[in-house]
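Have a look at the sequence and the structure first, then try each task before reading its solution.

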Amino acid sequence: MSTTDAYRRFRRRLLVTMTMLALLATAVVAWQLASSASDREQAIRQQTQHYARAIEAQVLSTIELSDIALLGFASAIKVAPYTPQTIDGLLSSRGASFGNSFWITFIDPKGFATASSRDIPVRGINYADRDYFQAQLKPGTGLFVGEPTRGRISNSRLFFLSRRVEDAEGKFLGVIVAPIDASRLAETFENSRLSEDVTVTLFHINGHIVARAPLFEQTFNRDIRDSNVYHAFGSNPIGTIETVSPIDKKSRIASYRKLPNLPLVVTVGSSNVGLALISQRQLLMPAWRFS
């Protein structure tokens, strides 16, 4: 065998070996990238799930506080002399204690507002067409959560809680209503965002957004019934999906939770970018963000 033939065989073997090593290295890198992507996706899912639970707790706290006020006034009106002056006195005496998050309005059996805990000219305005009044015409409705809408007098972005008011004999006296300022919830959502890529949304099961961060003013009452999240919660009240936002068209992993016994859904979305920023900060969600 000539030296030239031996060299050629050696060269071929060397090239084959180098090619195999290159392919192996490529496979290892590809596996590492795939594993890293899988780990990132799992981390995002866990992050958004924890986040959604915290947002759910905050929204429930707001609703429970408002409902305590509704129950208290309904009970007081039930036992007090039923006169406009008595009801006005009850509501105005407690107006300052609610802060800016919500207030209380009483509507008589014909749908006319007679008193409010806030100094706004609602007296004599008819609300008989509103869903939160219509729902309470039926006895036993309990707490009703209305759809997001603009206040008829305040023009604020609101959603409404209401309860039926009866006298001791069960006669219908009217409806006590708590308009909740959706912008206050949106501020809380904004303060809780751990990166600019994270989105936090509360929507009514009728498919309309109550509050969102970011872009609250642009998205209030927007119809999102064509979104993947809206379709998903119908079959499973709690879940995590990959979706493209109908608002900004960005791809995210979104975790959602339907609030128990309430027609509201919270959802938190984040992408790889959002998770990377959160990880760099090495933060857990601090409690003061929801105070």
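**Exercise 1.** Is arginine 152 buried, partly exposed or exposed?

*Solution.* Keep in mind that this is a predicted model. Start with the value: arginine 152 has a relative accessible area of 36%. Next, recall the cut-offs: buried means under 20% and exposed means over 50%, with partly exposed in between. Arginine 152 is therefore partly exposed.

**Exercise 2.** Find which side chain meets that of arginine 152 in a salt bridge, and where the two residues sit.

*Solution.* The partner is aspartate 129, with 2.9 Å from N to O. Now locate them: arginine 152 is in the loop between β4 (149–150) and β5 (157–166), while aspartate 129 is in the loop between β2 (113–116) and α3 (131–134). They are 23 residues apart, so the pair links distant parts of the chain. Aspartate 129 has a relative accessible area of 52%, which makes it exposed.

**Exercise 3.** Decide whether glutamate 190 and arginine 193 form a salt bridge, and describe how accessible each one is.

*Solution.* Their closest N and O atoms are 2.7 Å apart. The cut-off is within 4 Å, so this pair counts as a salt bridge. Glutamate 190 is partly exposed at 36%, whereas arginine 193 is buried at 12%.

Notes
Residues are numbered from 1 along each chain as its sequence is written. This is a predicted model: local features need pLDDT of at least 70, side-chain atom pairs count only at pLDDT 80 or more; totals for chains, interfaces and linings use all residues. Side-chain values use heavy atoms; hydrogens and water are left out. Helices (H or I, at least four residues) and strands (E, at least two) are DSSP runs, numbered from the N terminus. Buried means under 20% relative accessible area, exposed over 50%, partly exposed in between (1.4 Å probe, protein chains only).
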